[in-house]
Amino acid sequence: MAFPLFNKAKSPVIQRIHSDDATRLRLKYDTYYHIFDKQEGTRVWKDGKEFIMLSSNDYLGLAQHPKIKEAGSEAIKKWGSSTTGARLANGGRSFHRELEEELAAFVGKEACHVFSAGYLACASSVTGFADRKDILFADKNLHSSLWSGIKLSGARCERFSHNHPGHLKELLEYEDEKTPKIFIFEGVYSMEGHIAKLPEFIKLAEEYNAFVVLDDAHGFGVLGEQGRGTADHFNLTNEVDVICASFSKSLAGSGGFVAATQDAIDYMRSHSKQAIFSAAISPSACASAQAALRIMQDEPEHQKRLVKNLERYRKILSDLKLDIWESETPAIPIVLGEKEKVYYFWKALQEKGIYTIISIAPGVPPGKDLIRTAISASHTDEDLDRIEEAMHYACSKI
Ligand SMILES: Cc1ncc(COP(=O)(O)O)c(C=O)c1O
């Protein structure tokens, strides 16, 4: 038997892996990365126990829609599993272009580029446009994909208080008016469910000649006519330069897009590492997203049901005097403020067969430790009855 010359366990990286507190605590409390054996509608099963899923982002409840399943499997039959390469290297396919044209027309932009993940699309909405000499202005509560884009861009970034145009204005007053400026917002903030104060931010963008990037992962499908998103909701589509979003929420798929003018998309294709060096979105993911996009336009009943479910769910939470951080959308946090409370509330919901997710500081601001929930059009009246009963039980446990 050969003995290694060096003792690998002494590597500081391996020592770090073995002594990491975040991992130790995660494994101890077993709060994340659960595996379900089966899924049907809003129900998932783990070790034989059934749960109602209350933390996925399937806002329109399309994940099991027969037209989407069929489109995905037909695309695999026709095109195979993957184009196995980046589009710059071995080309896109007509299904990429078709989806891009439909998405661009839907959100009211000239052009669009689709990515294999929302994370890549949203990072690219920054890296594809920002130059090192620019200054970026970012809402403090942006999604990690945008922070990755901001870091990779190498540009200076100023953070403003969450959804606070007054603070952004203060920061702008210190800057040289000639420095190119980019504002970065979310349309609907994923954790808080807040809608961006877009009209006020756009006024500042006009005053300071800023380029505006809007991540609408959680507004797309939910706000605006037929779910066209937050910019459409405020009738400000032309004033927003770049709209990016994910397919993994209302479109119930995987992938993402960036939409803008044709010139801007052409420019992004030359400058975004995420577009240049990452493989194209797969045929089945593309076809599924296209089917979902058509369903959003042809079947308004999903949006209507979402509104109805949201009304009932908000009433359940407000009758219990739970703090939902003024969420205005189907992404609804239950703020409990202390991680111990959050943990016991979450456990109690699990006991009653309701699956949610915990988010604690530093993932959320100190004092805002919360359970993140999201209501879907596919929750049935019976699901909502069970959710109501479980919320009462969880409140009694903290
Ligand atoms: C605001 C926001 N942007 C981007 C993403 C990334 O999308 P995906 O998970 O589809 O990669 C998410 C997903 O969590 C999100 O919430």
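Mentor: Cys-244 stands opposite Val-258 in E10. Before we go on, this is a predicted model: local features need pLDDT of at least 70, side-chain atom pairs count only at pLDDT 80 or more, and totals for chains, interfaces and linings use all residues. Residues are numbered from 1 along each chain as its sequence is written.

Trainee: OK, and how many bridges join E9 to strand E10, and which way do they run?

Mentor: Four bridges join E9 to E10 (residues 256-260), and the two run antiparallel. Strands are DSSP runs marked E of at least two residues, helices are H or I runs of at least four, and both are numbered from the N terminus. Two strands pair if DSSP finds at least two bridges between them.

Trainee: What about E8 and E9, parallel or antiparallel?

Mentor: Strand E8 (residues 211-215) and E9 run parallel, joined by three bridges. Leu-214 has Ile-243 in E9 as its bridge partner.

Trainee: Is E9 mostly covered or exposed?

Mentor: Mostly covered: five of the five residues in E9 (residues 242-246) are buried. Buried means that 20 or more other C-beta atoms lie within 10 Å of the residue's own; 12 or fewer makes a residue exposed, anything in between partly exposed, and C-beta atoms are placed from the backbone. Val-242, Cys-244 and Ser-246 point one way from E9, while Ile-243 and Ala-245 point the other way.

Trainee: Switching topic: which residues touch the most other members of the largest nonpolar core?

Mentor: Phe-183, Ile-184, Val-242, Phe-257 and Ala-292 do, out of 112 residues in that core. Helix H13 (residues 283-298) gives the largest share, nine residues. A nonpolar core here is a set of buried Ala, Val, Leu, Ile, Met, Phe, Trp, Tyr and Cys residues joined through C-beta atoms within 7 Å.

Trainee: And why does this core lie between domain 1 and domain 2?

Mentor: Because both domain 1 (25-54 + 300-396) and domain 2 (66-298) give residues to this core. Those bounds come from an automatic or database domain assignment.

Trainee: What is Ala-292 in contact with, leaving aside neighbours within four places in sequence?

Mentor: Ala-292 is in contact with Leu-62, Ile-68, Leu-251, Ala-252 and Gly-253. Contact means that the C-beta atoms of two residues, placed from the backbone, lie within 7 Å.

Trainee: Back to the domains: how many residues of domain 1 are in contact with domain 2?

Mentor: 13 residues of domain 1 are in contact with 10 residues of domain 2. Strand E11 (residues 331-335) gives the most to the domain 1 side, with three residues. By class, that side has six nonpolar, four polar and three charged residues. For the classes, Ala, Val, Leu, Ile, Met, Phe, Trp, Tyr, Cys and Pro count as nonpolar, Asp, Glu, Lys and Arg as charged, and the others, Gly among them, as polar. The centres of the two domains, taken over C-alpha atoms, are separated by 27 Å.

Trainee: Now the ligand. Which residues come nearest?

Mentor: Gly-118, His-143, Ala-217, Ser-246 and Ser-248 come nearest, out of 14 residues around the ligand. To be near, a residue needs its C-beta atom, placed from the backbone, within 6 Å of the molecule. Helix H6 (residues 118-127) gives the largest share of the shell, three residues. The shell divides into four nonpolar, eight polar and two charged residues.

Trainee: I also clicked on His-218. Where is that?

Mentor: His-218 is in the loop between E8 and helix H10 (230-233). His-218 has 31 C-beta neighbours inside 10 Å, so His-218 counts as buried. Beyond neighbours within four places in sequence, the contacts of His-218 include Gly-187, Lys-249 and Thr-329. His-218 and Thr-329 are 111 residues apart in sequence, yet 8.8 Å apart in space, C-alpha to C-alpha.

Trainee: Last one: what is the order of the strands in the open sheet with E1?

Mentor: The order is E1-E2-E3-E12, four strands with mixed pairing. E1 and E12 (354-355) are the edge strands, each pairing on one side only. Strand E1 (residues 38-40) runs antiparallel to strand E2 (residues 43-46), with three bridges. In their hairpin, which has two residues between the strands, Gly-41 takes a positive phi near 60°.
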